[in-house]
Amino acid sequence: MGMCLPCLGGSSDDYDQPSPETRRRQLAEAAEKRQKETEARGVKDPDALKRKQKRKEELERQEASRPVNEDGPLKWQVS
């Protein structure tokens with residue numbers, strides 16, 4: 001039986017491999033693309049989701065910066 005593809009049986013000079021820098025850059029771009037796709041998975045409007053998250057974080061920061069009243073607005077009475 002013979003070889004189906006010449007590159008499998010031939011030397012590595014038959015095809016060009018990208019330089020390590022180029023390969024690293026391509027892998028980084030692919031990873032960023034996958035991350036963006038997983039973040040947007042199941043979301044119809046990703047921009048609206050980001051705005052909503054920022055608004056929620058802002059409200060949490062405002063609540064954290066308010067002074068805490070130890071008595072609180074509600075009081076428990078036992079009779």
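The tour begins with confidence and then moves on to salt bridges.

This is a predicted model, where local features need pLDDT of at least 70 and side-chain atom pairs count only at pLDDT 80 or more, while totals for chains, interfaces and linings use all residues. Residues are numbered from 1 along each chain as its sequence is written, and side-chain values use heavy atoms, with hydrogens and water left out.

Start by colouring by pLDDT (the predictor's confidence in each residue, from 0 to 100). The protein averages 80, and 73% of the residues score at least 70. Select helix H1 (residues 6-9): confidence is lowest here, at a mean of 57. Helices here are DSSP runs of H or I, at least four residues long, numbered from the N terminus.

Show the side chains of arginine 25 and glutamate 29, which form a salt bridge with their closest N and O atoms 3.4 Å apart. A salt bridge means a Lys or Arg side-chain nitrogen within 4 Å of an Asp or Glu carboxyl oxygen. The two residues sit four apart, about one turn of the helix.

Now jump to arginine 61 in helix H3 (residues 46-65). Arginine 61 bridges to glutamate 58 at 2.8 Å and to glutamate 57 at 4.0 Å. Select the three together: shared partners join Glu57, Glu58 and Arg61 into one network.
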